[in-house]
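Colleague: I have the sequence and a model open side by side. Can you walk me through them?

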Amino acid sequence: VGLGQSGTFAISLPAPAAAPVTITVSSSDTSKVLVSAGPFTIPQGASVPTTQPQVTGVNIGSVTITASAPGYTSSTGTVQTTAVVTFAQPTVTITGIGTQNVVLNLSAPAPASGLTVNLSSATPGVATVPATVTFLASATSVNVPVTSISLGTAVIHASATPFIADATTTVTVDRKSTRLNSSHLGI
């Protein structure tokens, strides 16, 4: 389920219920995934409840959802909350040696505890980034400081494997233009 999104967590019995069955559904970590309030009742003669539970992703991560009912063996399933990050610019040019901020966007507002994403440069001899950057609570964007080291090209990566797939931007470091055209000198 996506960060800030909800989805159905379908439960069923292996055979129609001989009498009404009340099922309790819970999350192993409510800081990552919430389950809608139950209990969920399966009517006599049916194998699914009248209303299926809903799960909501509140922070990235993986949790175990447990469904249990008296007289039945408990059952579990896994729910992962994921998100997507994207750089606002697919390519960036830095002129000379210095630091420039590049905006990193998040697909949903960050959780109350914030959200940290790992950063790396494929060519740290050309451009570097901090090891991580953190989206503050409710933020959907953050500045990534990119520092140029030398002329060339570097691919900058942002991810939180396995819950946030890798996003990239290509940084090109150009030299400062100090060449003057002869017409500017009045020659």
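**Surface, strands and sheets**

Modeller: The accessible surface of the protein comes to about 9,900 Å², and 53% of that belongs to carbon and sulfur atoms. Accessible areas come from the Shrake-Rupley method with a 1.4 Å probe, and for residues only the protein chains shown count as cover. A caution on the source: this is a predicted model, where local features need pLDDT of at least 70, side-chain atom pairs count only at pLDDT 80 or more, and totals for chains, interfaces and linings use all residues. Residues are numbered from 1 along each chain as its sequence is written, and side-chain values use heavy atoms, with hydrogens and water left out.

Colleague: How many helices and strands are in the protein?

Modeller: Zero helices and 16 strands. Both are DSSP runs numbered from the N terminus: helices are H or I with at least four residues, strands are E with at least two. The radius of gyration is 25 Å, well over the 16 Å that the globule rule gives for 187 residues, so the protein is more spread out than a compact globule. That radius is taken over C-alpha atoms, and the globule rule is 2.2 Å times the number of residues to the power 0.38.

Colleague: What does the C-alpha trace span along its principal axes?

Modeller: About 100 × 25 × 25 Å. As for burial, 35% of the 187 residues count as buried. Buried means under 20% relative accessible area, exposed means over 50%, and partly exposed is in between (1.4 Å probe, protein chains only).

Colleague: Which strands form the five-stranded open sheet, and in what order?

Modeller: The order is E9-E16-E15-E11-E13, with mixed pairing. Strands count as paired if DSSP finds at least two bridges between them. E9 and E13 (132–135) stand at the edges with a single partner strand each, so one side of each has no neighbour in the sheet. The twist averages 25° from one strand to the next. For that angle, axes are lines fitted to C-alpha atoms (for helices, over the stretch in contact), and angles run from 0 to 180 degrees between N-to-C directions.

Colleague: In what sense do E9 and E16 pair?

Modeller: Parallel, over five bridges, with E16 covering residues 164–174. Ile-94 has Val-173 in E16 as its bridge partner.

Colleague: Switching topic. Where is Ala-127?

Modeller: Ala-127 is in strand E12 (residues 127–128). Its relative accessible area is 0%, so Ala-127 is buried. E12 belongs to an antiparallel open sheet of four strands, in the order E8-E10-E14-E12. The edge strands there are E8 (85–87) and E12, each pairing on one side only.

Colleague: What is Ala-127 in contact with, leaving aside neighbours within four places in sequence?

Modeller: Ser-121, Val-146, Thr-147, Ser-148, Ile-149, Ala-154 and Val-171. Contact means heavy atoms within 4.5 Å. Ser-148 in E14 also stands opposite Ala-127, and two bridges join the antiparallel strands E12 and E14 (residues 141–148). For Thr-41, 86 residues away along the chain, the C-alpha atom is 58 Å from that of Ala-127.

Colleague: Which residues form a salt bridge?

Modeller: Lys-32 and Asp-29, with the closest N and O atoms 3.1 Å apart. The rule asks for a side-chain nitrogen of Lys or Arg within 4 Å of a carboxyl oxygen of Asp or Glu, and the count comes to one. Lys-32 is partly exposed at 24% relative accessible area, and Asp-29 is partly exposed at 24% too.

Colleague: Loops, then. Which peptide bonds are cis?

Modeller: One is from Gly-38 to Pro-39, with omega near 0°. Pro-39 sits in the loop between strands E3 (33–35) and E4 (40–42). Another joins Thr-161 and Pro-162, with omega about 0°, and Pro-162 is in the loop between E15 and E16.

Colleague: What about Ser-138, buried or exposed?

Modeller: Exposed, with a relative accessible area of 54%. Ser-138 lies in the loop between E13 and E14, and has a positive phi of about 70° although it is not a glycine.
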